[in-house]
Structures are given as C-alpha cells and as structure tokens.
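Have the viewer open while you read.

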Amino acid sequence: MVKGIIAFGQYFLLDKIVGRSPSNIYQNPKFRSAIIQAILVFIVFYTFYSLYQTTVFNLEERGIKTSTSFFDQVAPFKVGFSPFLNFELGETTYIEVFYIGVLNTLLVAVLGIIAATLLGFFIGILRSSNNWLAQKFALIYVEIFRNMPLLLQIMFWNFAIFLAFLPPPKQSLEFGAFYLNGRGLQTPVPIVENNFLFKVWLGILIFSIIASFIFRNWAKKRRDQTGKSLPVLGISLSVIIIIGISSFYILGKPFAVDLPVLGKFNFKGGGQLPLPLFSLWFALTVYTSAFIAENVRAGIASVSKGQIEAARSIGLTRPQMVKLIIIPQALRVIIPPTISQYLNLTKNSSLAMAVGYEEVVAVWANISLNQTGQALIIIAMTIIFFEICSLFTSFILNIYNRRIQITER
Amino acid sequence: MTKSDSIIKISKLNKWYGKFHALKDIDLSVGRTEKIVICGPSGSGKSTLIRCINRLEVHQEGSIQVDGIELTDDIKQITEIRSDVGMVFQHFNLFPHLTVLENCSLAPIWVRKKSKVEAEEMAMQLLEKVRIPDQADKYPGQLSGGQQQRVAIARALCMQPRIMLFDEPTSALDPEMIKEVLETMIELADSGMTMIVVTHEMGFANRVADRIIFMDEGQIVEQNDPESFFKNPESDRTKLFLSQILDH
Ligand SMILES: Nc1ncnc2c1ncn2[C@@H]1O[C@H](COP(=O)(O)OP(=O)(O)O)[C@@H](O)[C@H]1O
Ligand SMILES: [Mg+2]
C-alpha cells in the first residue's frame, strides 16, 4: 500500500521536479494533471451524490419526502426576538423563520464586528504603548480572552455574571438613554413620523455627504497645486451636522426618538436587546477583540525602528509620522487577518444556542429541522448562508490584497 | 577657522545609555562646507555622535548648536534643525509603501508646505542628479541596494539641507554598488555641501575629507587632515586601527 502511494507519487510528480522531457502523451505533465483532476472531480461528485441518495432514502423510510413545500407552512413555535420582520405565531411561515434567523445572525455579527474592532484597536494600541501598566494590562487581557474556549466565555458572561448580578428592571443600570438590567439592554429607537419628509431629510443628508467628498477632492487638488491645506475633515463634519440639524427642524421633525421609560414593572417604549443577545454580543466582542488586538500589535511592531528614524530625520512631526508612515504600513499587516476575524465572529455566533439567542442555527438548523425533519434542505441552506458570508469575506480580502499589490509590488 | 564660520558647535558633550558612558567630553566644530570623515572601531560612538546632531539621540550634558540654534527639548527647534540636516542611514530606511518620487516629495510637501507639483519637480531634479530619474515611479523594493541608497540621498537633499550626515552609507552594499554611491557623495561634496560621514572607505576619505576624526571608546582620539592622518598617526590606537583596515 505504502509502496503503491510512493510509486504513484513518483510517477506523477517526479518529472515536475527533475524536469524529465515527455516522450509520449502519458508522460506529458499537462495531460496527466488533466486526467488526475477529472478523476478527482468524479470522486467528489460521486461521494456527494451517494450521500444525497442515502439521506433521501433514509428520510423516505421515515416517511419524510424531501421537498421545499414546508417553506410555506406556518411555523408552530414562537420566535421571541425579531426586530426587522414581524413575527406572528400562527401566521409566520418556516421560510420567514429562516429569514429572521439570518437577520438575527447578521445583527449580532455587525454589532460584534463594530465593537470588537473599536475595542481591539484600543487594546492593541495599549499593548504597543510605552506605559508599563497599560502594556501588561493589555497583555493579560489578550492572553486570557484569546485562550479560553468561546462557549465557556459566552456561558460565563450570561449565567455567572449578567443573569446573576444584573438588577431587575426597576433598578436598571443607567448609561445615558440606555438601561441595562437582567432582561437585557433597553435602547432608544427612532420612530419615523412622516415617511415622505423622512426620505427627503435622508436625501439631503446623503447629498451633503456626497458634496463633502467632492469638496475633499477639490481640497486635495488645491493642495497638490498650491501647497495650501485645509482642515477638510473638520469643515465637512461641521457642515454635514449643521445641514442635518437645520433641515430636521425645517422639515418639521420628520422622525422622533422613542426613549425607554420605566413603567410600574417594566420599560415602556424604546427597544430591547434581550439578555441572550447582549451576552452573546459581549462575549463575541471580548473574544474577537483579543485577536484583533494581537493583529494591531503585530502591525505596529512590523514598522521598523529605521522607518521611524527616517521619518524623524526628514522633519516630520509625530502626528504626521503616525499618519503618513506608521498607519499605512501597519494597516497592511492588520487588515487581512482582521477581516478573517470578522468571518470567525459571524460563524462563532452560532454558539448562541447555549444562551438561547434566536439566530439562524438555533431557529432554523435546530428547531425547524426538528419540527419538519427536512434535514437535507435545511442543513444545505444553513451551509450556503455561511458559505456566502465566507465568499463575501474572501472577495473583500482579494480586493484589498490586489490594491496593496498594485501600490507596493 | 574662526568661530563665526562654524555651522555645528559641539562642546563638552556627554551621553549615557543607562549606566554606559557612550560619548565622553566631545568637543567639535564643523565649518561651513567642511567635509569630515569619522572612523573608529565598532561601538566607539560614531553613530551616537552624529545622531545627537539631529536629535535622534538625546544627550545629557554639554551643548550642541546647529546653525546658531541650540538643541533643546523644544519641538519647534528640533523640527527646524531636522529640516536643515539631512541624514543617510546604513540600511537606507526608504518608505516601502511609497514610490521613489513620493519618498522624495513627502517631506517638502508636509514639512516645507510646498505644492505637490513643485515638490515633485524638485524631486525629479534631484533624482536626475543621483542618476535614477527613470526609477521615479517604482517602489523601493524593486531597486538594487545601490539605487536605494541613492534615492535615500535624494530624499534627504529634497529638503535642501545645509548639512548632510552619513552613517556608514556603503556598509550594507555589495562591492560593485559601493562605487556608484561613493561617486554620488563625491559629487555632492564637490558642490559645496557640509558633510559629516562615518565610513571606513579610506579612499573616499583621502579624496574628499578636510579632516578625519578617529574615535575610540566614546572619545575623539585624534583628528587631522588626511595626509597627516594616514602618514603620521599620533596615537597607537589610531595606528593599530589603520593597520587593521588598510591591510585588508
Ligand atoms: N540604544 C542604545 N541603548 C544602549 N546602548 C547603546 C544604544 N545605542 C548604542 N549603544 C551602545 O553605545 C556604544 C556606541 O554605539 P554606536 O554609536 O552605535 O557605535 P558605532 O557607530 O561607533 O559602532 C556601543 O557600545 C553600543 O552598544
Ligand atoms: Mg554605527
């Protein structure tokens, strides 16, 4: 057997290494690799096909006919958290449950990615600072949260900390207009009062943002030609804010903010991030930020001492050096692994099962599957969803890498 | 040399790294357009001395005046001195994420507040002077060591400095590239630039230097014009050093 593998390897690979010239078509490396590929494709397809056949057969033995007709059946269970689509027990169908699950996964992923990026950069910069205490604190943070199993961390925050220590609604912890208690996080939500005027207001806002980009290009051209620079960011931001606020009042307040208010027993108004979502978001943020912090540290460390000396020797000030030399070089090292961390965070959100957050794996690949028995279709759709997330990530990464290659080579 | 002629005045300079006494009571005046070569064994403090001149290292005692400005913690003065003093490093230290042209025009744009057009025009002139104008749009990683070092010289010259510091500019280069860099430096010397060059290229020293300084253990052991320095070295340490590097 082993001999056979070796002979196989020698036969197919050796001439690639020693560059033997082919005497007939079977020794032509191109022809041979085409044959190998064809065989491999056949094996892969055959494996999947027989798996599929077996599963369909087994399901039919149990009286389940594989078909998508269950999509339009009404789901007989409740999905408690559905901020984007309306859930109505007895009306909502299975396919809508799938959409709710996908949206809930994307919600916790987006919230987690934003928070983990901010926290990760903060910790990573602390880790690279000259302050001994800050450095050691960041080191311990990274080592603890990177190395503990994520499932354990999710359960720890949810059961040992938040459920155990957060107060009942009446004694909520207050963070501005946000209130945290044992049921979750109460947040303000915007309520659109006049749909048309709201759209007009959004249009004005988008228009002024586009205008600020045009202004930025103009200012850059002017600087290239005359050397005179303008505080572009400050001007743009203040103009956008002034236009946003004044048009809000001119249009007669097209939307209002609904604040959570404490009633007799619970909050009225506002929105609620239920505790499972809050715990999951918190744990994913802390866990992922430890990895991002490590990327940031590595990125900053990748800028050599010589670069900083050269920047100082030509007279750049510290902020200029950070902006023109350190950040561009560090980001090249930081961004690719950080984008992969975003994908990891999205995949890791499926551990929500442990705390009962209703994301796609919980409501679709678990509950819906148990109810309908449609394993094949449900698992395939779940896989395809995560596969799309992953393809999207590699797509973004490829764009980034290509841009870097063009500008560095 | 009269006092008013000197562009750099260093007196009673002492520098420690922790407990290690790296520079001991250095006194040195450099005249306008003077070319000084510093040599000495490894670890003798040559780099430390020239790095003190543009404040890449901070000294603890004594004073350094560059073009009449005393070096202190004042950031404005440090920036002013740095834009007047160009430096070329052993390992080039070009910015890898910027093209050759961008490397050269960066400081004129951000420090001298020149327009991009003007800065790039001047950068092209200087790249022509170091004879690599055709590489302007390449990235440093695409150039040979000798070309990179010439870009580094052009980058420093773009700030129109009055003084140029070189810290072993040819030590990291293959022999066939040393010549092209030395030629560029000789041309620069002939154009009247004030230069302090740490190097062991004694041919270059003989050809260009007004004065050769020999350092050992953080001190200036002896200094002289090239002819006397090579023919009649005064101290035994200098003789030993010269015999070691000239025997090669
Ligand atoms: N950043 C530093 N920290 C501690 N010691 C240093 C540092 N830089 C240089 N030294 C020490 O100072 C001495 C002089 O160094 P340097 O000026 O680089 O010597 P040279 O350039 O003549 O080889 C050496 O002994 C070196 O080990
Ligand atoms: Mg040195």
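1. Start with chain A, where strand 2 (residues 178–181) and strand 3 (residues 184–187) run antiparallel, joined by three bridges. Strands here are DSSP E runs of at least two residues, helices are H or I runs of at least four, and both are numbered from the N terminus. Two strands count as paired if DSSP finds at least two bridges between them. A hairpin of two residues takes strand 2 of chain A into strand 3 of chain A, and A:Asn181 sits opposite A:Gly184.

2. A word on conventions: this is a predicted model, with local features needing pLDDT of at least 70 and side-chain atom pairs pLDDT 80 or more, while totals for chains, interfaces and linings use all residues. Residues are numbered from 1 along each chain as its sequence is written, chains are lettered from A and ligands numbered from 1 in the order written, and side-chain values use heavy atoms, leaving out hydrogens and water.

3. Strand 3 of chain A has another partner: strand 8 (residues 271–274) of chain A pairs with it in the antiparallel sense over four bridges. Look for A:Leu185 opposite A:Leu273 there.

4. Now the rings. Over all chains there are 31 aromatic pairs, counting Phe, Tyr and Trp (its six-membered ring) with centres within 6.5 Å; planes under 30 degrees apart are stacked, over 60 edge-to-face, and the rest tilted. One of them is A:Tyr179 with A:Phe267, tilted, at 5.0 Å centre to centre and 40 degrees between the planes. That pair links strand 2 of chain A to strand 7 (residues 267–268) of chain A, 88 residues apart. Both A:Tyr179 and A:Phe267 are buried, meaning under 20% relative accessible area with a 1.4 Å probe, protein chains only (exposed is over 50%, partly exposed in between).

5. How are the rings of A:Phe198 and A:Trp201 arranged? Their centres are 6.3 Å apart and their planes at 25 degrees, so the pair is stacked. The two residues are about one helical turn apart, because they are three residues apart in helix 6 (residues 195–226) of chain A. A:Phe198 and A:Trp201 are both buried.

6. Over in chain B, B:Ala123 belongs to helix 4 (residues 116–129) and is buried, at 0% relative accessible area. Leaving aside residues up to four places away in sequence, B:Ala123 touches B:Leu101, B:Cys104, B:Ser105 and B:Cys158 (contact means heavy atoms within 4.5 Å).
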